[in-house]
Amino acid sequence: MIVYPLWHVGHQNEAGDDGSTVHVDESGVFCDESDGDDVKLLGVYSTLGRVEERVRQARLLPGFRDEPECFYFDPYELDEDDWTEGFVRVPPGE
């Protein structure tokens, strides 16, 4: 079964060439949590139609309506491993 987690990024980064905030780049919605961006999970939906309806509703709400193009989702297969290797922590500033 495919499900669709829906996210919104509240941007506060300074990733632009002139220190400006980047909302969207060539890959889609830009996100850099270490530079102040705030990611929110709005829900996990069973169809694209439900995702689209939730985005329409959220765009009317404070905060979300200030960045109406900063929603994103990716389809995920249930019961499939996504992260299959370990990880290494990198201390801030390195």
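User: Before we start, what goes into the values?

Analyst: It's a predicted model, so local features need pLDDT of at least 70, side-chain atom pairs count only at pLDDT 80 or more, and totals for chains, interfaces and linings use all residues. Residues are numbered from 1 along each chain as its sequence is written, and side-chain values use heavy atoms, with hydrogens and water left out.

User: Why is Met1 called exposed?

Analyst: Exposed means over 50% relative accessible area, buried under 20%, and partly exposed in between (1.4 Å probe, protein chains only). Met1 comes in at 58%, so it counts as exposed.

User: Which residues is Met1 in contact with, leaving aside its neighbours within four places in sequence?

Analyst: Ser46, Tyr76, Glu77 and Leu78, where contact means heavy atoms within 4.5 Å.

User: What makes the rings of Tyr4 and Phe73 edge-to-face?

Analyst: Rings of Phe, Tyr and Trp (its six-membered ring) pair if their centres lie within 6.5 Å; planes over 60 degrees apart are edge-to-face, under 30 stacked, and the rest tilted. Here the centres are 6.2 Å apart and the planes sit at 75°, so edge-to-face it is. Strands are DSSP runs of E, at least two residues, and helices are runs of H or I, at least four, numbered from the N terminus.

User: Is Tyr4 buried or exposed?

Analyst: Buried, because its relative accessible area is 14%. Phe73 has 35%, so that one counts as partly exposed.

User: And why is the pair of Trp7 and Tyr72 called stacked?

Analyst: Their planes are at 15° and their centres 6.5 Å apart, so the pair is stacked. Trp7 lies in strand β1 and Tyr72 in strand β5, 65 residues apart. Trp7 has a relative accessible area of 28%, so it's partly exposed; Tyr72 is too, at 26%.

User: Which residues make up the largest nonpolar core?

Analyst: It has 9: Tyr4, Leu6, Leu42, Tyr45, Val51, Val55, Ala58, Phe64 and Phe71. A nonpolar core is a set of buried Ala, Val, Leu, Ile, Met, Phe, Trp, Tyr and Cys residues joined through side-chain atoms within 4.5 Å. Helix α1 (48-58) gives the most, with 3 residues.

User: What stands out about Asp79?

Analyst: Most residues other than glycine have a negative phi. Asp79 isn't a glycine, yet its phi is positive, about 65°. Asp79 also counts as exposed, because its relative accessibility is 82%.
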